[in-house]
Amino acid sequence: MADIEEARKQFERIDADGDGLITPAEFKTALAQGGDWNVTESVAEAIIASRDLDGDKLMSFDEFWTYLNK
Ligand SMILES: [Ca+2]
Ligand SMILES: [Ca+2]
C-alpha cells in the first residue's frame, strides 16, 4: 500500500512547473534525473497514456495515485 504523503512528494518532484499535471516532457526529465533510465519523449507519452484515465494526455495526481495502488 502506497503512502499518499510520499506519493504527493514524488508527484511534486516530477511536476516541475507545479500546475498539478505531469506532461510527457516533465516525466521524461524526472526519469533522466532519477538515474540511468533515459526515455524518448514518445516513450514518456506512451507511459503517461497507459496511466491516463480521462484522456487528456497528462497525468493528474489522482491518476498517479490510482496507478500506484494498482
Ligand atoms: Ca506540470
Ligand atoms: Ca489525465
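**Conventions.** Residues are numbered from 1 along each chain as its sequence is written, chains are lettered from A and ligands numbered from 1 in the order in which they are written. I worked on a predicted model, where local features need pLDDT of at least 70, side-chain atom pairs count only at pLDDT 80 or more, and totals for chains, interfaces and linings use all residues; side-chain values use heavy atoms, with hydrogens and water left out.

**Aromatic pairs.** I searched the whole structure and found four aromatic pairs. Rings of Phe, Tyr and Trp (its six-membered ring) pair if their centres lie within 6.5 Å; planes under 30 degrees apart count as stacked, over 60 as edge-to-face and the rest as tilted. I looked up Phe11 and Phe61: the ring centres are 5.4 Å apart and the planes stand at 90°, so this pair is edge-to-face. It joins distant parts of the chain, with Phe11 in helix H1 (residues 4–14) and Phe61 in helix H4 (residues 61–68), 50 residues apart. Helices (H or I, at least four residues) and strands (E, at least two) are DSSP runs, numbered from the N terminus.

I then took Phe11 with Phe64: centres 5.6 Å apart and planes at 55° make the pair tilted. Phe11 in helix H1 and Phe64 in helix H4 are 53 residues apart. Ring pairs link Phe11, Phe61, Phe64 and Trp65 into a cluster.

**Burial.** Buried means under 20% relative accessible area, exposed over 50%, partly exposed in between (1.4 Å probe, protein chains only). Phe11 counts as buried at 6%, and Phe64 at 4%. Phe61 is buried too.

**Charges over rings.** I required NZ of Lys or CZ of Arg within 6 Å of the ring centre and within 35 degrees of the ring normal. Arg8 lies over the face of Phe61, 4.2 Å from the ring centre. Arg51 lies over the face of Tyr67, at 3.6 Å from the ring centre.

Asp52 is in the loop between helix H3 (41–51) and strand E2 (59–60) and Glu63 is in helix H4, so the pair ties together parts 11 residues apart in sequence. Asp52 is buried at 14%, as is Glu63 at 4%.
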